[in-house]
Amino acid sequence: MTDGYLSRIGNLIRDARKHRGWTQTQLAEVLNTSQSAVNRIEKGHQNLTLEMLARIGEALDSEIVSLGGGPVHLRVVGGLRLSGSIDVKSSKNAGVALLCASLLNKGRTTLRKVARIEEVNRLLEVLNSIGVKTTWLNDAGDLEIVPPAHLDLGAMDAAAARRTRSIIMFLGPLLHREDTFQLPYAGGCDLGTRTVEPHMAALRPFGLDVKATAGEYHAMVNRAITPAKPIVLTERGDTVTENAVMAAARIDGVTVIRNASSNYMVQDLCFYLELLGVKVDGVGSTTLTVHGKPDIDVDVDYAPSEDPIEAMSLLTAAIVTGSEVTIRRAPIEFLEIELALLEEMGLDYSRTDEYLAENGRTRLVDLTTRPSQLHAPIDKIHPMPFPGLNIDNLPFFAVIAATATGQTLIHDWVYENRAIYLTDLNKLGGRVKLLDPHRVMVEGPTHFSGAEIMCPPALRPAVVTLIAMMAAKGTSVMRSVYVINRGYEELAERLNSLGAQIETFRDI
């Protein structure tokens, strides 16, 4: 490699490491090398093998050293008004849960309009590696899943598994198929330490015992143990609830799960299980009663509902750019608190009557925004489990608050590190003050201006920063946007269809 390329690669590695919150010593430990070697790499003074480039990319969960043509970046010309209409795509979080749940079924599962995102791609790589046949049926995103009679877990694609947190949702289905098995540690967004203990506590009543050693979960199943009393979740988490529901789905008997999440992806999972013949009482509440079916072998066809987080992303882009945009097929049940808060802040918008999604259950509306003069809300903005303000929608209020007049306190109590990434808005001219790892104070209104920024390693803050770039005067660059592609399908292209000017490019 030339000295120029080494310097450019070193700068990208340094920026990615800092965004992940690692020291040079921490990266060196993962790579089994010295801190001085990492220092030389970042300064462009160290020759790099292809094997070392690949290891660095995996360690940082980043495409900065991708061997497939280099990382993907975005160049954004800001200050443009958007116009037109756009459909909300199907739910990412429901899609990955349903891919995991398909392991409960011996028959064929066909999922309609699955989001073709990197998170889904990683799960498909894992499923294919253990013997599951998956086939994209058409350009609409219809996906066919046919599991084998026996899974080959020993052949699991560990590299793909480590790049998704969703792999932990294999625990619930696999305990019905294997007496012992291993799963790699989950990866995904860099949001700080997210304990897996709630998952373990939820699955122990089903006889699952998990030990975490040497980068893997080692699971053993005692089939003599089944739930003897209602399962009370210690955390009303979405994936925890999904794991418990999938574990209950093939138990011969009735399982009651209390303090369950009633969020959108949990509801989609329950609707799918009902097609498999598993009756679930209480969908949409915090108490689920699952009537298990020990043997499931049916061919089913299911369409997951639209994604409320994508709907909020599009809504935020329209608000921050002062645009009139119609967002079609928005799942209103999971946006009502957000819209009520935006109304309080002065948003001018209209909505159609409700109609049903293709699953026949989820309520949708079309939303039309209009340019509005926003003001800060009286109270702080904080998330709550459904039906409260969605945890994944909270970051969008940082960039919305930046365009409003006054001070807004945002309290992200769930993740100990995510709020830190909202301060990236300051690089574009924002005034976001980090009060502690969970709280930021946003001062508005903001006159954003263009800048070059390394993409935050957390999905929602990354999209928040992209939206601010769309509102910024001048041209901005966001480097290494793999994390956005994990959760959104062709986001730049779809925003361009509304009049944005976002160019995808590579430089190494």
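**Exercise 1. Is the crossing of α12 and α13 left-handed or right-handed, and how do the two helices run relative to each other?**

*Worked solution.* Keep in mind that this is a predicted model.

Step 1. Find the two helices: α12 covers residues 308–320 and α13 covers residues 336–344.

Step 2. Look at the axes. They come within 12 Å and cross at roughly 15 degrees. Angles under 35 degrees count as roughly parallel, and α12 and α13 are therefore roughly parallel to each other.

Step 3. Settle the handedness: the α12 and α13 crossing is right-handed.

Step 4. See who meets whom. From α12 come M312, L315 and I319, and they meet E338, L339 and L342 of α13. Sorted by class, this contact of α12 with α13 has five nonpolar residues, no polar ones and one charged.

**Exercise 2. Describe how α2 meets α4.**

*Worked solution.* A reminder before you start: two packed helices are described by the angle between their axes and the distance between the axes.

Step 1. Helix α2 spans residues 24–31, and helix α4 spans residues 50–59. Their axes come within 10 Å and cross at roughly 120 degrees.

Step 2. The crossing of α2 and α4 is right-handed.

Step 3. On the α2 side, the contact is made by L27, V30 and L31; on the α4 side, by M52, R55, I56 and A59. By class, the residues of this contact of α2 with α4 are six nonpolar, no polar and one charged.

**Exercise 3. Is D142 buried or exposed, and which side chain does the side chain of D142 join in a polar contact?**

*Worked solution.*

Step 1. Locate D142 in the loop between β4 (133–136) and β5 (143–146).

Step 2. Its relative accessible area is 9%. Buried means under 20%, so D142 is buried.

Step 3. Now follow the side chain. A polar contact of 2.9 Å links the side chain of D142 to that of R112.

Step 4. Widen the view. Setting aside neighbours within four places in sequence, D142 is in contact with L111, R112, K113, T135, W136 and L137.

**Exercise 4. Where does G44 lie, and which residues is G44 in contact with beyond its sequence neighbours?**

*Worked solution.*

Step 1. G44 sits in the loop between α3 (35–42) and α4.

Step 2. With a relative accessibility of 8%, G44 counts as buried.

Step 3. Leaving out neighbours within four places in sequence, G44 is in contact with L6 and S7.

Step 4. Finally, check N11: this residue is 33 residues from G44 along the chain, and their C-alpha atoms are separated by 7.8 Å.

How values were computed: Residues numbered from 1 in each chain as written. Predicted model: local features only at pLDDT ≥ 70, side-chain atom pairs only at ≥ 80, totals over all residues. Heavy atoms only, no water. Helix = DSSP H or I, 4+ residues; strand = E, 2+ residues; numbered from the N terminus. Buried < 20%, exposed > 50% of the residue type's maximum accessible area, 1.4 Å probe, protein only. Polar contact = N/O pair within 3.5 Å; in protein donor to acceptor, adjacent residues only side chain to side chain. Contact = heavy atoms within 4.5 Å. Axes fitted to C-alpha atoms, helices over the stretch in contact; angles between N-to-C directions. Parallel < 35°, antiparallel > 145°, perpendicular 65-115°, else oblique. Left-handed = near helix turned anticlockwise from the far one by under 90°. Nonpolar A, V, L, I, M, F, W, Y, C, P; charged D, E, K, R; others polar.
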